Every structure is written in C-alpha cells, then in structure tokens.
Amino acid sequence: MKNKFLFTLLLLIGTFCIFESIAVFFIPRSTDHEYPLHETMIWEQPKGTRVEHGVRVTINQYGLRGKAPKIPKPQKQKRIMSVGDSSIFGFLVEEEDVFTSIATKNLLNWEDINAGCPGYSSEQSLIWVRQFSKLFEIDLLVIANLWSDSTSMGFSDREMLQGKNAQSSKNILLFERSNLFRVLYSVFSSIPRKLEWSKRNIDGRNRVSPKEYRENLVQMTQIMKRQGGKVIFLALASQEEIEEKITDKKGEKYRMIMRQIAIQEEFPIIEAKDVWLNQKNLFADFIHPNKEGHRQLGEKLQSFLIE
C-alpha cells in the first residue's frame with residue numbers, strides 16, 4: 001500500500017512538472033491579466049516597454065506610465081500628477097494621447113505624471129500620493145478614482161492592504177509563479193468585462209466602501225494642502241451614461257461624495273458628463289474613454305492650468 005501511494009505521488013508530481021514545462025510556451029505575453037501580484041500594492045505593472053492590445057506601454061522604475069520624472073524637479077517647472085484606474089492610465093490609448101499629456105501639451109512649464117494604474121482604487125492611489133507627491137514635488141493632483149472603488153469583486157482593498165488577508169495574498173503569490181496557473185488564469189479570466197459590469201449591484205460590498213472612499217479622498221487632499229499643492233477632482237462617466245442618458249447608480253453615489261469633498265475643500269471638479277454632453281464615439285469600450293474622449297478631458301483640464 002505504501003509503495004502504491006509513493007508511486008501515485010511521484011506520478012502526480014511528474015505529470016505536473018511535464019505540464020509546467022509545456023505551459024511556458026502558452027503564457028500570454030501581451031494581455032492586461034499579466035500584471036504580477038505585489039505584497040503591498042496587491043498588484044503592480046511590469047516595468048519596461050511592451051505592446052498591450054496594440055498600444056505601446058512604457059512603465060518606468062517607479063511603476064508609473066511614461067518617462068521617469070527628474071529628481072529634484074527642475075527650477076520653474078510645475079508638475080501635475082493624476083491618480084485613478086485604467087481610464088486615467090489610458091487603457092487602449094497611446095501615452096501622448098492621455099488627457100494629462102494633452103493638458104500639458106504646449107505648456108512648457110508643466111509636466112504631467114501619470115499615476116493611474118489599471119484596477120487601482122483610491123486605497124492604492126493614496127499610497128502613491130503619500131509616496132510620490134513630495135518626492136516629485138507635485139503642484140497639482142488630479143483625483144479621478146471612481147470605477148474600481150465602486151465595483152464589487154468579493155474582497156476589500158483596505159483589508160487586503162492592511163494584511164487581514166495576508167495568507168490569501170501569499171497563497172496567490174505562490175500560485176502566480178506557476179506557468180500552468182498563469183495559463184489557466186488567462187483562459188478562465190477572459191470573460192468579457194462588459195458581463196461583469198452589467199452585473200454591478202448597488203447594494204453589494206464594494207472594493208472600497210463609501211466611507212473609506214470619503215476618507216481616502218480627504219486624506220489625499222490634505223496631503224496636497226500640507227505640501228502647498230492644489231487638487232482638481234475628475235468625476236468620470238460611462239458610455240451608457242453619456243449615450244443613453246442612463247445613470248449608473250453605484251457610480252453616482254461615489255461621485256456625490258467626490259462633489260461634497262470638492263465643495264468642502266474648496267477645490268474645482270471637472271464633470272465628464274458636462275464635457276462629453278450629447279456626444280457619441282468617445283469610448284474605446286463601455287467604460288474607457290478613447291483618444292477623442294481623452295482629448296476633450298485634456299483640453300478642459302488645460303483651461304485650469306492656464307488660469
């Protein structure tokens with residue numbers, strides 16, 4: 001019986017090793033599912049240059065999209081940094097066409113820093129504001145967190161980041177090193193995002209609760225105030241809201257909080273609904289603005305920089 005058990009165990013290990021060796025040839029090389037997991041940020045983007053969905057993406061040594069900022073900041077230069085998820089990162093949009101790049105275009109004294117990252121909520125953005133706002137000497141912070149915060153995915157960002165789910169994170173990190181796991185994950189996670197979005201439940205548990213969202217936005221604002229900087233809020237809108245005039249109730253709940261904080265802290269807010277009013281063909285998909293959508297947001301933001 002003992003020999004039979006050992007034989008079965010060795011057979012299973014051998015079979016796994018064979019599949020691991022084969023799986024290396026099928027690991028996806030250019031998908032938005034390949035971001036490695038991270039022990040303190042939940043996940044991060046791989047550094048370097050790659051082509052993602054036909055778009056060239058460069059991630060610098062700080063984990064941010066684009067060229068790394070010079071430290072210290074050059075004299076007479078002003079810096080704007082944006083935080084948010086894939087809509088701010090510029091999913092399916094070239095680096096020079098992202099709204100912050102458009103806003104600083106032709107303004108020689110302004111430099112933009114894109115601190116948006118696919119899937120990041122205000123919990124992760126707050127970490128980056130703490131880490132980078134002083135290091136990069138940021139003059140203006142654009143806070144645009146919305147969709148990732150207000151989405152239900154079965155976990156709490158705050159609990160994950162505070163280590164309450166530390167063992168789960170370690171288990172995932174262990175599995176993530178397996179070639180076979182990465183191949184299977186890419187297959188079974190390829191269900192269209194629109195399906196996930198259509199099932200958003202206004203009463204479901206979100207990655208970031210409304211209370212946590214308010215706390216995070218206030219903290220980012222206070223950090224900038226202490227450092228002598230300013231803030232502009234950006235309230236995004238979905239394709240459905242713009243083209244079909246259907247309000248996303250979950251998103252609107254969070255936008256209301258953003259508006260309240262903008263009034264409370266006496267900082268301006270850009271309403272994407274107003275910028276994109278009564279227009280079509282401004283989205284790359286159901287949620288991400290395309291090149292034209294970014295252009296219009298960028299021109300609106302530029303008007304604030306000029307003022």
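Biologist: Is Glu 159 buried, partly exposed or exposed, and what is its relative accessible area?
Modeller: Glu 159 is partly exposed, at a relative accessible area of 26%. Buried means under 20%, exposed over 50%, and partly exposed in between, with a 1.4 Å probe and protein chains only. Bear in mind that this is a predicted model: local features need pLDDT of at least 70, side-chain atom pairs count only at pLDDT 80 or more, and totals for chains, interfaces and linings use all residues. Residues are numbered from 1 along each chain as its sequence is written, and side-chain values use heavy atoms, with hydrogens and water left out.

Biologist: Which side chain meets Glu 159 in a salt bridge?
Modeller: That of Arg 205, at 2.9 Å, N to O. Arg 205 sits in the loop between α8 (193-198) and α9 (210-226), Glu 159 in helix α5 (residues 157-161). The two are 46 residues apart, so the pair links distant parts of the chain. A salt bridge here is a side-chain nitrogen of Lys or Arg within 4 Å of a carboxyl oxygen of Asp or Glu. Helices (H or I, at least four residues) and strands (E, at least two) are DSSP runs, numbered from the N terminus.

Biologist: How many salt bridges does that rule give?
Modeller: The count comes to 19.

Biologist: And what about Arg 255 and Glu 241, buried or exposed?
Modeller: Both Arg 255 and Glu 241 are buried. Their side chains form a salt bridge of 2.4 Å, N to O. Arg 255 belongs to helix α11 (residues 249-265), Glu 241 to helix α10 (residues 239-243). They are 14 residues apart.

Biologist: What does Lys 273 meet in a salt bridge?
Modeller: Glu 252, at 3.7 Å, N to O. Lys 273 is in helix α12 (residues 272-275) and Glu 252 in helix α11, 21 residues apart. Lys 273 counts as partly exposed at 22% relative accessibility. Glu 252 counts as buried at 19%.

Biologist: Which residues are in the salt-bridge network?
Modeller: Glu 241, Glu 252, Arg 255, Arg 259, Glu 271 and Lys 273 are linked in it.

Biologist: Switching to the sheet. What is the strand order?
Modeller: The five strands run β6-β5-β7-β8-β9 in an open sheet, with parallel pairing. At the edges are β6 (110-116) and β9 (269-271), each pairing on one side only. Two strands pair if DSSP finds at least two bridges between them. Neighbouring strands are turned by 20 degrees against each other on average, direction ignored.

Biologist: How many bridges join β7 and β8?
Modeller: Four, between β7 (residues 140-143) and β8 (residues 230-235), in the parallel sense. Val 142 has Ile 232 as its bridge partner in β8.

Biologist: Which strands does helix α4 touch?
Modeller: Helix α4 (residues 122-132) packs on the sheet and touches β5 (78-84), β6 and β7. Its direction makes about 160 degrees with that of β5. α9 also packs on the sheet, touching β5, β7 and β8, at about 170 degrees to the direction of β7. Axes are lines fitted to C-alpha atoms, for helices over the stretch in contact, and angles run from 0 to 180 degrees between N-to-C directions. Contact means heavy atoms within 4.5 Å.

Biologist: What does Gln 124 contact, beyond its neighbours within four places in sequence?
Modeller: Met 41, Ile 42, Trp 43, Gly 119, Asp 157, Leu 161 and Arg 207. Gln 124 lies in helix α4 and counts as buried at 0% relative accessibility.

Biologist: Now rings. How many aromatic pairs are there?
Modeller: Eight in the whole structure. Trp 43 and Tyr 120 form a tilted one: 5.7 Å centre to centre, 55 degrees between the planes. Trp 43 lies in strand β2 (residues 42-43) and Tyr 120 in the loop between β6 and α4, so the pair ties together parts 77 residues apart in sequence. Rings of Phe, Tyr and Trp (its six-membered ring) pair if their centres lie within 6.5 Å; planes under 30 degrees apart count as stacked, over 60 as edge-to-face and the rest as tilted.

Biologist: How far apart are the ring centres of Trp 128 and Phe 132?
Modeller: 5.8 Å, with 50 degrees between the planes, so this pair is tilted as well. They are four residues apart in helix α4, about one helical turn. Trp 128 counts as buried at 6% relative accessibility, Phe 132 at 0%.

Biologist: Which residues make up the ring cluster?
Modeller: Ring pairs link Trp 43, Tyr 62, Tyr 120, Trp 128, Phe 132 and Phe 136.
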